[in-house]
Amino acid sequence: MLSRRTFIKSALATNVALLTTPSQALQHVVTSSEEIPLLVFADEHSLNSKDFISNVADRKSNIDLDIGEHFELVRAFCKESPMGQISGLTRDSDFFALEQIAKDFGFYTQYSATHLYSGNTLTHEVSSSADSAELITSSLKNAKEQWPQWLANHMRVLPRGNAQFVTKKTNITLANTNQYDFLVSWSLSSNKHI
C-alpha cells in the first residue's frame, strides 16, 4: 500500500519534473521492505549511467532533470528523510555539488568509487569502510562490463555509518573501452541511524 508520505513525495517530484529542462536522470524510490528512502542520480549523457539508472530495482518515478534544479529537492529530501540515502553514478563535479548540499543536513559520504577507462583497462578505485572496500572492489571486478548493473542492484548494501575509510583499487582488461566516461559512484547518508 502506498503511504501518504510516498504519494506526496512522488507528486512533488512529478510537479518539479514538469517545470524543468531534462538533462539529468533522477530516480526517487522508497523500498517498502526496508523503508529507507532513497534518492538516486545518474548522468544521462553517459552510457554506464544510463545502464545504472535503468537497473535500479524500483522504478516508481523516473524523472529527467538538470542537477542544478535538484538543490531544493536534495534539501527537502534530507529534511524529510534523515534516515535516507542518496546515491548516484555521476560526473565528479555533480557528486561534489550534491555532497556539499547534503553535508549541511548531516549526510556524509559513506562510499565512493572512481571508474576510469584508459586504453583497454577499466580501473575501479573504491573508498569505503575497511570491511566493505575489499568486497565491493572484488564484486565490481567480477561484474566486468556489467558493473553499473551490480551497483544498481546493490545500492542498499553499500556501507552506512561512521567508519574509517580505506581505498582499494582493481584493474580489469576489457575489449572495448573507448566509448565510456570517467564517472564516480557514491552514497551519502547520515549517522543518525546508528
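1. The hairpin of β5 and β6 has two residues between its strands, and Gly119 takes a positive phi near 60° there. Strands here are DSSP runs of E with at least two residues, helices are runs of H or I with at least four residues, and both are numbered from the N terminus. β5 covers residues 107-118 and β6 covers residues 121-129.

2. The model is predicted, so local features need pLDDT of at least 70 and side-chain atom pairs count only at pLDDT 80 or more, whereas totals for chains, interfaces and linings use all residues. Residues are numbered from 1 along each chain as its sequence is written, and side-chain values use heavy atoms, with hydrogens and water left out.

3. The mean pLDDT of the protein is 75, and 71% of the residues reach 70 or more; pLDDT is the predictor's confidence in each residue, from 0 to 100. Over residues 1-33 the pLDDT is below 50, yet this stretch has 79 contacts in the model beyond near neighbours in sequence, a contact being heavy atoms within 4.5 Å. Residues 59-64 also stay under 50 in pLDDT, and the model gives them 21 contacts beyond four places in sequence.

4. β5 and β6 are antiparallel, with seven bridges; two strands pair if DSSP finds at least two bridges between them. In this pairing His115 stands opposite His124 of β6. On β6, His124 also faces Thr170 in β7, and nine bridges join β6 to β7 (residues 165-173), again in the antiparallel sense. Seven of the nine residues of β6 are buried, that is, under 20% relative accessible area, where over 50% is exposed and the range in between partly exposed (1.4 Å probe, protein chains only).

5. β8 pairs with two of the strands described here. Eight bridges join β5 to β8, and the two run antiparallel; the bridge partner of Tyr108 in β8 is Ser189. Strand β4 (residues 85-90) is antiparallel to β8 as well, over six bridges, and Ile86 stands opposite Leu188 in β8.

6. Is β8 mostly covered or mostly open? Eight of its eight residues are buried. In a regular strand the side chains alternate between the two faces of the sheet. In β8, Leu183, Ser185, Ser187 and Ser189 point one way, while Val184, Trp186, Leu188 and Ser190 point the other way, and all are buried.

7. The structure holds two aromatic pairs. Rings of Phe, Tyr and Trp (its six-membered ring) pair if their centres lie within 6.5 Å; planes under 30 degrees apart count as stacked, over 60 as edge-to-face and the rest as tilted. Phe41 and Trp186 are stacked, at 6.4 Å centre to centre with 25° between the planes. Because Phe41 lies in strand β2 (residues 37-42) and Trp186 in β8 (residues 183-190), this pair ties together parts that are 145 residues apart in sequence. Phe41 is buried at a relative accessible area of 0%, and Trp186 likewise counts as buried at 0% relative accessibility.

8. Phe95 and Trp186 form a stacked pair too, at 5.2 Å centre to centre and 25° between the planes. This pair links helix α4 (residues 92-103), which holds Phe95, to β8, which holds Trp186, across 91 residues. Both Phe95 and Trp186 are buried.
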